[in-house]
Amino acid sequence: VQLQASGGGLVQPGDSLRLSCVVSGRTFSTYTMAWFRQAPGKECDFVATIRWRSGTRIAYADSVKGRFAISADSAKDTLYLQMNSLKPEDTALYYCAATARGLVGDLRSSSNEYGYWGQGTQVTVSS
């Protein structure tokens with residue numbers, strides 16, 4: 001499975017961005033997908049997760065609830081992250097991740113559970 005993330009950029013506080021992650025290769029083995037982010041000097045943090053085929057089992061980090069929305073279009077082999085009301089603290093390198101496992105509960109937010117990663121796309125929120 002190969003993941004290619006895109007859509008990052010430099011925006012002002014309050015703006016919106018939509019990240020995309022194209023999935024290629026053995027997509028039938030992709031079951032749970034997620035977005036993580038890593039700010040300079042900080043750990044990789046969970047952002048959101050979704051079940052690939054059904055589009056269910058959605059969960060968000062508390063810091064992005066109500067502002068971000070994850071979605072998956074399996075027909076287009078693409079994962080999305082719609083980010084609204086962006087804040088400076090959202091500045092980070094955003095990664096899409098995938099696993100062939102149907103993760104549940106707290107496992108969904110653990111980066112160790114995902115075996116496939118994209119290259120990251122930079123999001124910078126600054127006035």
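This is a predicted model: local features need pLDDT of at least 70, side-chain atom pairs count only at pLDDT 80 or more; totals for chains, interfaces and linings use all residues.

Tutor: Let us begin with Val125, which counts as buried because its relative accessibility is 3%, under the 20% cut-off for that class. Val125 belongs to strand β11, which covers residues 121-125. Once neighbours within four places in sequence are set aside, the contacts of Val125 fall on Val11, Gln12 and Pro13, on Leu86, Lys87 and Pro88, and on Asp90 and Thr91. A further relation in space concerns Ser16: 109 residues separate Val125 from Ser16 in sequence, while their C-alpha atoms are 9.9 Å apart.

Ser16 leads on to Met83. With residues up to four places away in sequence left out, Met83 touches Asp15, Ser16, Leu17, Leu19, Arg67, Phe68, Tyr94 and Val123. Met83 also has a place in the largest nonpolar core, a set of 34 residues, where Met83 is listed with Met33, Trp35, Leu79, Leu81 and Tyr94 as having the most contacts inside the core. Strands that each supply at least two residues of this core include β11, the strand of Val125, together with β1 (2-6), β3 (17-24), β4 (32-38), β5, β7 (68-73), β8 (78-83) and β9 (92-99). The largest share comes from β9, with five residues. In soluble globular proteins, nonpolar side chains tend to be buried together.

Arg67, one of the residues touched by Met83, sits in the loop between β6 (59-60) and β7. With a relative accessible area of 11%, Arg67 is buried. Beyond four places in sequence, Arg67 is in contact with the residues Gln82, Met83, Asn84, Ser85, Leu86, Lys87 and Asp90. Among these, Leu86, Lys87 and Asp90 are also contacts of Val125.

The side chain of Arg51 does reach a backbone oxygen, that of Leu103, at 3.2 Å.

Four aromatic pairs are found in the whole structure. In one of them, Phe36 and Phe46 are edge-to-face, with 5.8 Å between ring centres and 70° between planes. Phe36 is in strand β4 and Phe46 in strand β5, so this pair ties together parts 10 residues apart in sequence. Both partners are buried. Phe36 also meets Trp117: the ring centres are 5.2 Å apart and the planes stand at 50°, so this pair is tilted. Here the link joins distant parts of the chain, since Trp117 lies in strand β10 (residues 116-117), 81 residues from Phe36 in β4. Phe36 counts as buried because its relative accessibility is 0%, whereas Trp117, at 32%, counts as partly exposed. Ring pairs join Phe36, Phe46 and Trp117 with Tyr95 and Tyr114 into a cluster.

How values were computed. Residues are numbered from 1 along each chain as its sequence is written. Side-chain values use heavy atoms; hydrogens and water are left out. Helices (H or I, at least four residues) and strands (E, at least two) are DSSP runs, numbered from the N terminus. Buried means under 20% relative accessible area, exposed over 50%, partly exposed in between (1.4 Å probe, protein chains only). Contact means heavy atoms within 4.5 Å. A polar contact is a pair of N or O atoms within 3.5 Å; within protein, one must be able to donate a hydrogen and the other to accept it, and residues adjacent in sequence count only if both atoms are side-chain atoms. A nonpolar core is a set of buried Ala, Val, Leu, Ile, Met, Phe, Trp, Tyr and Cys residues joined through side-chain atoms within 4.5 Å. Rings of Phe, Tyr and Trp (its six-membered ring) pair if their centres lie within 6.5 Å; planes under 30 degrees apart count as stacked, over 60 as edge-to-face and the rest as tilted.
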